[in-house]
Amino acid sequence: MEVIILHETWSRADVSTHCPNGYRELIVPSLKNPHIKRGRDSGGIIVWYKEELKNTVSPIKRGETHLWLKIEKSILKSQSDTFLCAVYMPPIDSPYHREGCFQNLQSEISHFQSLGSVLLCGDLNARTGREVDYISTEGNSHVIGQQTSLYHTPITTLRNSFDSVVNKSGKQVLHICKGLGLYIINGRIRGDSQGRYTYSSALGNSVVDYAITDMDPESINAFIVRQQTPLSDHCQTVLYLKTNIKQNNSNPTPPSKLYSLKPAYKWTQSSAEENNV
């Protein structure tokens, strides 16, 4: 299984995106404010997924800053379908930032949670530091054994992060996690146990690209933040999920020509003559 999500593409719907062969493409076009004459477009999302997934992965809702896809439970080690949200949130000081965008996202997450599991992947321009993303009852003498959230968070281990800053958007993300029983994968899953920076530029370093979910942690193999390349200020993040897809080895590639080797060779007095030495 392979789904590729590209964020902040600045790509309009009428521009070629060079979709790889064997993949299907979904586009959320970039935005251009008519009152802003200078500067580039904002946002833009491209999703590529393998042609072989056409019957198990399908788009179900598209917005200006996000795209929802349904992944059938038949290909995941899950008891329910998973609803994947590819999302890009403009910075809060950007003219493209919409007031109430996180509240709208929370409402949609709640809706899809009623249908299955939820997985958010994208650039939220939110810095959550090392703040707790779940409701803890530790030290609570008033409510014993009860959650103040209607949802149960499947993981309550502390997460690590290279980024200690919490901004306004980060507070909203943490509020969504606590309210809907989601948890941040960065900094607590194999492959990124330290919570590496996902963004680095002359302006500084931060963690703003996330994978956030309510899925059973046992269904996740790893989460990796790859080294930054000169192509982007953002690092590529890779999430590995456990699937039911079996590798097709029915027609393995035939090996190239091989030569038999003697298991051992013992030099004797006649060896020189036998080998024309």
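The largest nonpolar core of this predicted model has 28 residues, and V47, V57, L119 and I185 are the members that touch the most others. A nonpolar core is here a set of buried Ala, Val, Leu, Ile, Met, Phe, Trp, Tyr and Cys residues joined through side-chain atoms within 4.5 Å. Buried stands for under 20% relative accessible area, exposed for over 50%, and partly exposed for what lies in between, with a 1.4 Å probe and protein chains only. At least two residues of this core come from each of β2 (23-28), β3 (45-50), β5 (66-71), β6 (82-88), β7 (117-123) and β12 (220-225). Helices (H or I, at least four residues) and strands (E, at least two) are DSSP runs, numbered from the N terminus. Apart from this core lies another, of 24 residues, which includes C85, L124, V173 and L180. In soluble globular proteins, nonpolar side chains tend to be buried together.

Beyond its neighbours within four places in sequence, L119 is in contact (heavy atoms within 4.5 Å) with T82, F83, L84, C85, I185, I212, T213, M215, L239 and L241.

Residues are numbered from 1 along each chain as its sequence is written, and side-chain values use heavy atoms, with hydrogens and water left out. As the model is predicted, local features need pLDDT of at least 70 and side-chain atom pairs count only at pLDDT 80 or more, while totals for chains, interfaces and linings use all residues.

For the chain as a whole, the secondary structure comes to 3 helices and 13 strands. Of its 277 residues, 41% count as buried. Among contacts with a separation of 6 or more, 68% are between residues 24 or more positions apart.

Helix α2 has 13 residues and reaches 19 Å from its first C-alpha to its last, close to the 18 Å expected at 1.5 Å a residue; the expected span is 1.5 Å times one less than the number of residues. The buried residues of α2 are S169, G170, Q172, V173, L174, I176, C177 and L180, and they pack against α1, β8 (183-184) and β11 (209-213). An α-helix has 3.6 residues a turn, so residues three or four places apart point the same way. After α2 comes G181, with a positive phi near 70°.

The structure also holds 2 cavities of 30 Å³ or more. A cavity is a set of points, on a 1 Å grid over the protein atoms alone, where a 1.4 Å probe fits but cannot get out, and lining residues have an atom within 4 Å of a point. Grid points are joined across faces, edges and corners, and a volume is the space filled by probe spheres set on the points. Two or more lining residues come from each of α1 (101-113) and α2 (168-180), with α2 giving the largest share, 3 residues. By class, this lining has 9 nonpolar, no polar and no charged residues. For these classes, Ala, Val, Leu, Ile, Met, Phe, Trp, Tyr, Cys and Pro count as nonpolar, Asp, Glu, Lys and Arg as charged, and the others, Gly among them, as polar.

The second largest cavity holds about 40 Å³ of space, and its lining is made up of P29, S30, L31, S42, G43, G44, E64, T65, Y88 and P90. Here the classes divide into 4 nonpolar, 5 polar and 1 charged. One of these lining residues, G44, sits in the loop between β2 and β3 and is buried, at 4% relative accessible area. Not counting residues up to four places away in sequence, G44 touches L6, H7, E8, T9, W10, V28, P29 and S30.

Most residues other than glycine have a negative phi. H18, not a glycine, has a positive phi of about 60°; H18 lies in the loop between β1 (3-7) and β2 and is exposed, at 67% relative accessibility. N125 likewise has a positive phi, near 50°, but N125 is in the loop between β7 and α2 and counts as buried because its relative accessibility is 17%. I135 is also found in the loop between β7 and α2, and counts as partly exposed at 22%. I135 and T156 are 21 residues apart in sequence and 8.6 Å apart in space, C-alpha to C-alpha.

Definitions and conventions:
1 Å grid on protein atoms, 1.4 Å probe; cavity = no way out; pocket = protein on both sides within 12 Å on 5 of 7 lines; lining within 4 Å.
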